[in-house]
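Let's take a walk through this structure together, one region at a time. Keep the sequence and the 3D view side by side as you read.

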Amino acid sequence: MTFKTTLLAATTAPLALAGAAVAQDALPSATDDTLKIGLVYTLSGPAAALGEQARNGFMLYADRVGDLGGVETEIVVVDDEQRPDLAADKARELVARDEVDFVVGPIFSNVLVAIHRPVTETGTILISTNAGTSNFAGEECHPNFFVTSYQNDQNHEVMGAYAESEGYQNVFLMAPNYQAGKDSLAGFKNSYTGGFAGEVFTELGQLDFSSELAQIAAFQPDALFTFMPGGMGVNLVKQYDQAGLTSIPFLSAFTVDETTLPATQDAAVGLLGGANWAPDLDNPANEEFVSAYIEKYGALPGTYAMQAYDAAQLIDSAIRKTGADLSDREALRAALLEADFDSPRGDFSFGVNQYPVQDFYLVEAVKRDDGFYGTSVREKIFDDYVDNYAANCTME
């Protein structure tokens with residue numbers, strides 16, 4: 001197998017990928033028989049751990065299977081630096097200059113919004129492995145857009161359902177002020193009917209939460225619900241612990257997971273979250289994935305890695321179904337829609353909006369027997385759950 005991986009941002013260090021030929025200059029012109037894939041992830045700054053997990057998950061499957069779909073494969077890796085404007089420019093380069101067949105990524109919803117149109121309107125297929133905004137799940141759904149993660153609301157709906165079952169009546173809500181943050185609080189409210197002690201939108205990338213924690217201490221809510229991914233989550237969990245607020249239940253999604261737990265460790269153990277997967281989910285595909293990831297990268301995979309691993313599986317399965325004919329885009333989209341692969345999360349299919357239909361769980365942060373800090377399934381909350389926006393999708 002031959003992978004030619006180009007890094008298109010100066011802030012990103014060269015990748016060391018098994019079986020990959022790493023080049024720092026522009027990719028040579030590919031033949032019509034070459035599959036070209038662009039990965040767009042945040043690989044620098046406080047949220048780099050999220051993008052690194054996603055990149056590693058995709059490359060884990062690609063390296064293991066060889067050329068995806070049995071077609072000579074080139075993979076271009078882009079660091080979007082968590083900047084929508086830069087991501088849009090790089091997406092245009094991937095489509096126009098590198099002539100990629102697929103763009104895979106990104107992590108953040110504001111980046112997805114920026115790259116969606118430049119990719120999909122050219123006929124190129126965009127597969128989001130994390131961001132799943134409500135607009136693209138509903139009226140703005142697009143035949144060239146697939147999601148291997150979730151609709152943004154759904155993991156938060158898990159926590160709303162849990163808060164409802166616990167009888168909480170006074171919850172404090174906190175999220176960053178961008179689309180995924182708004183979706184997170186909307187998702188929580190979809191399954192929670194109680195009252196609210198407060199609702200705060202912070203700056204995206206905020207790392208000092210002293211003001212917000214002072215409000216929580218003053219209001220003494222029944223629980224806190226928050227969405228703070230990456231470095232934001234690390235700082236919030238540590239500051240919450242240091243502020244002596246642990247008597248107030250801390251509920252979250254994408255705040256206490258395999259990307260933040262290596263930094264928060266014992267401060268986060270016992271905290272609850274909503275998720276579509278956890279490393280200890282009991283099925284053969286998951287056992288194989290987690291074992292292979294730990295062996296290759298020396299770390300426990302998170303949801304970001306799993307969802308990108310599934311994107312690689314999805315592409316591989318679709319190309320094989322079409323007999324490696326990349327020119328027939330209609331047949332390729334139909335093959336993608338079949339989702340003929342074994343996901344580590346178990347049940348997986350696509351809804352009419354090409355977002356996943358899957359199960360969701362209440363998970364708990366634990367220290368595992370192997371020494372890693374990770375999440376563990378506590379109970380299933382939703383079974384084969386279709387997002388609330390799919391009914392508004394009419395593919396043209």
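A few ground rules first. The model is predicted, so local features are described only where pLDDT is at least 70 and side-chain atom pairs only at pLDDT 80 or more, while totals for chains, interfaces and linings use all residues. Residues are numbered from 1 along each chain as its sequence is written, and side-chain values use heavy atoms, with hydrogens and water left out.

Start with the overall layout. The protein is divided into domain 1 (7-150 + 281-358) and domain 2 (154-275), with bounds that come from an automatic or database domain assignment. Their C-alpha centres lie 29 Å apart. Where the two meet, 16 residues of domain 1 are in contact with 14 residues of domain 2, contact meaning heavy atoms within 4.5 Å. Together the domains bury about 1300 Å², 63% of it on carbon and sulfur atoms; buried area here is the accessible area (1.4 Å probe) that two parts lose on being put together, summed over both. Between domain 1 and domain 2 there are zero salt bridges, a salt bridge being a side-chain nitrogen of Lys or Arg within 4 Å of a carboxyl oxygen of Asp or Glu. Two residue pairs are in polar contact between the domains, both at pLDDT 80 or more. A polar contact is a pair of N or O atoms within 3.5 Å; within protein, one must be able to donate a hydrogen and the other to accept it, and residues adjacent in sequence count only if both atoms are side-chain atoms. On the side of domain 1 that touches domain 2, the elements giving two or more residues are helix 1 (48-65), helix 3 (109-120) and helix 11 (303-321). Helix 1 gives the most, with three residues. Helices (H or I, at least four residues) and strands (E, at least two) are DSSP runs, numbered from the N terminus.

Now turn to helix 7 (residues 210-219), where Glu212, Leu213 and Ile216 are buried. Buried means under 20% relative accessible area, exposed over 50%, and partly exposed in between (1.4 Å probe, protein chains only). Viewed down the axis of helix 7, its buried residues fall within an arc of 100°, so they line one face of the helix; the arc is that of the directions from the helix axis to the C-beta atoms. These buried residues pack against strand 8 (170-176), strand 9 (195-202), strand 10 (223-226) and helix 8 (231-242). After helix 7 comes glutamine 220, whose phi is positive, near 50°.

Two loop residues deserve a look next. Tyrosine 355 lies in the loop between strand 13 (349-350) and strand 14 (356-367), and tyrosine 355 is buried, with a relative accessible area of 0%. Leaving aside neighbours within four places in sequence, the residues in contact with tyrosine 355 include Thr133, Phe136, Tyr150 and Asp387. A polar atom of the tyrosine 355 side chain lies 2.8 Å from the backbone oxygen of threonine 133. Serine 149, in the loop between strand 7 (145-147) and helix 5 (154-165), is likewise buried, with a relative accessible area of 0%.

The backbone has some points to check too. Most residues other than glycine have a negative phi, and most peptide bonds are trans. The peptide bond from glycine 105 to proline 106 is cis, with omega near 5°. Phenylalanine 254 has a positive phi, near 60°, and counts as buried at 10% relative accessibility.

Finally, the salt bridges, which number 19. Arginine 64 forms one with glutamate 288, the closest N and O atoms being 2.8 Å apart. This pair links distant parts of the chain, from arginine 64 in helix 1 to glutamate 288 in helix 10 (residues 284-297), 224 residues apart. Aspartate 359 forms another with lysine 380, at 3.3 Å between the closest N and O atoms. Aspartate 359 lies in strand 14 and lysine 380 in strand 15, so the pair ties together parts that are 21 residues apart in sequence. Lysine 380 also meets aspartate 383 in a salt bridge (3.1 Å, N to O).
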